[in-house]
Amino acid sequence: MYIAQSFLHSLVAALIVDTSLISWKIENPLLRQRFRLLVMVLPIIMFPLYQTLSPERGSPLFRLDAVFDITRWLNLEIWGAVPVGILFLLALIFTAAVFVFQELLPIVRHTSSPATGSLDAAPPDRSSPAQRALGTLPGTTPDVFIIDEDDCIIFSSTGKVPAIYLSRGLEERLTFDELRAALAHEVGHIRRSRRPLMVMVFLLRMLMFFNPVILMEFRRIAQEEENICDDLAVTLTGNRQAMADVLKKFIACETGNPSASDAERLQDRIEEYSHSMMMESRISRLEELPAQDAKGAVVFAIVTVTILTINYYLV
């Protein structure tokens, strides 16, 4: 009952949140991320909350008067042969497998891999464009290291001693303003890591590893995190177009592996297309005038109450 209802509750919560974001024209990624967190948090607690408040909620009498009874649908048979419940179970198993192979195992491998000798990076010269660009950013900035690679690579480590890693190829491709924007984006990730929201979100994702709605919402929250760091980069540099131009150059850098097999090249093309779509969405945001979101707290409260009220009658 918990698994079935938490799936149903998360689906309804996602529909309400998406409709609210569109209807109220909420564009601020920080606000959007908070709304999407409702989809991950509320389905975990709603079933035990409802059962504590109304122990009779799971009774046949309550189900007869409920707005939606998921067990009726799970007991239906497609063409009189395939139970809907079996298809539902297969969807849960597939989602759990995606979580293990795409999200959990990479983290385990990264955590268990030796820290030394895994990355060939060196501090840049004082005259390096990356060092000069980082020095122009306000506030405390981390160290930057140059990776001797031609590909477009930039990422940050957010441990006890945070640092930014940048490939020589990317440093040569970007103008000074674009380099400042790219480094400022990574500074945003490092500063955001001091508020470990994404760690909490991943723990929630682990609790709901079987739920396909949570899988999609987790990735949307991660995308909003990139948008938040884009906005932080704009705040630090005062240059929206430079951040957009960085993303355009990343799209231009992405090419498939010519030595790969046909199946690997197809997988690479699918991944590159998906990644490019996300990049283009971020570029469009940056090139448009930022919207002013009014009454965000009021809408958040209304959406929360609406989700809790409607899902009470979905069993």
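Hi everyone, thanks for coming. The model is predicted, and the chain averages a pLDDT of 86, with 88% of the residues scoring at least 70. Which elements sit at the two ends of the confidence scale? Helix H1, residues 2–23, has the highest mean pLDDT among the elements, at 95, while helix H12, residues 262–287, has the lowest, at 70. Please also look at residues 256–262, where the pLDDT is below 50. That stretch has 6 contacts in the model beyond near neighbours in sequence. Where pLDDT is low, the predicted coordinates should not be read in detail.

Now to the sheet. It is open, with 4 strands in the order S3-S4-S6-S5, and the pairing is mixed. At the edges we find S3 (121–122) and S5 (154–157), each pairing on one side only. S4 and S6, by contrast, run parallel and are joined by 5 bridges. Within S6, tyrosine 165 is the residue opposite phenylalanine 145.

There is a helix on this sheet too. Helix H8, residues 176–192, packs there and touches S4, S5 and S6 (163–167). The direction of H8 makes about 30° with that of S5.

Next, a helix pair. How do H9 and H10 cross? The axes of H9 (residues 197–207) and H10 (residues 212–237) come within 10 Å and cross at roughly 170°, which means that H9 is roughly antiparallel to H10. From H9, the contact uses Met198, Val201, Phe202 and Arg205; across from them, H10 brings Ile214, Leu215, Phe218, Ile221, Ala222 and Glu225. By class, the residues of this contact are 8 nonpolar, no polar and 2 charged.

Last, the charges. Side chains of opposite charge can pair when their charged atoms come close. The count for this model is 18 salt bridges. One of interest here is between glutamate 103 and arginine 219, whose closest N and O atoms are 3.8 Å apart. What does this pair link? Distant parts of the chain: glutamate 103 belongs to helix H5 (residues 84–112) and arginine 219 to H10, and the two are 116 residues apart.

That's my tour, and I'm happy to go back to any part of it.

Note on methods. Residues numbered from 1 in each chain as written. Predicted model: local features only at pLDDT ≥ 70, side-chain atom pairs only at ≥ 80, totals over all residues. Heavy atoms only, no water. Axes fitted to C-alpha atoms, helices over the stretch in contact; angles between N-to-C directions. Parallel < 35°, antiparallel > 145°, perpendicular 65-115°, else oblique. Contact = heavy atoms within 4.5 Å. Nonpolar A, V, L, I, M, F, W, Y, C, P; charged D, E, K, R; others polar. Pairing = 2+ DSSP bridges. pLDDT = per-residue confidence, 0-100. Salt bridge = Lys/Arg side-chain N within 4 Å of Asp/Glu carboxyl O.
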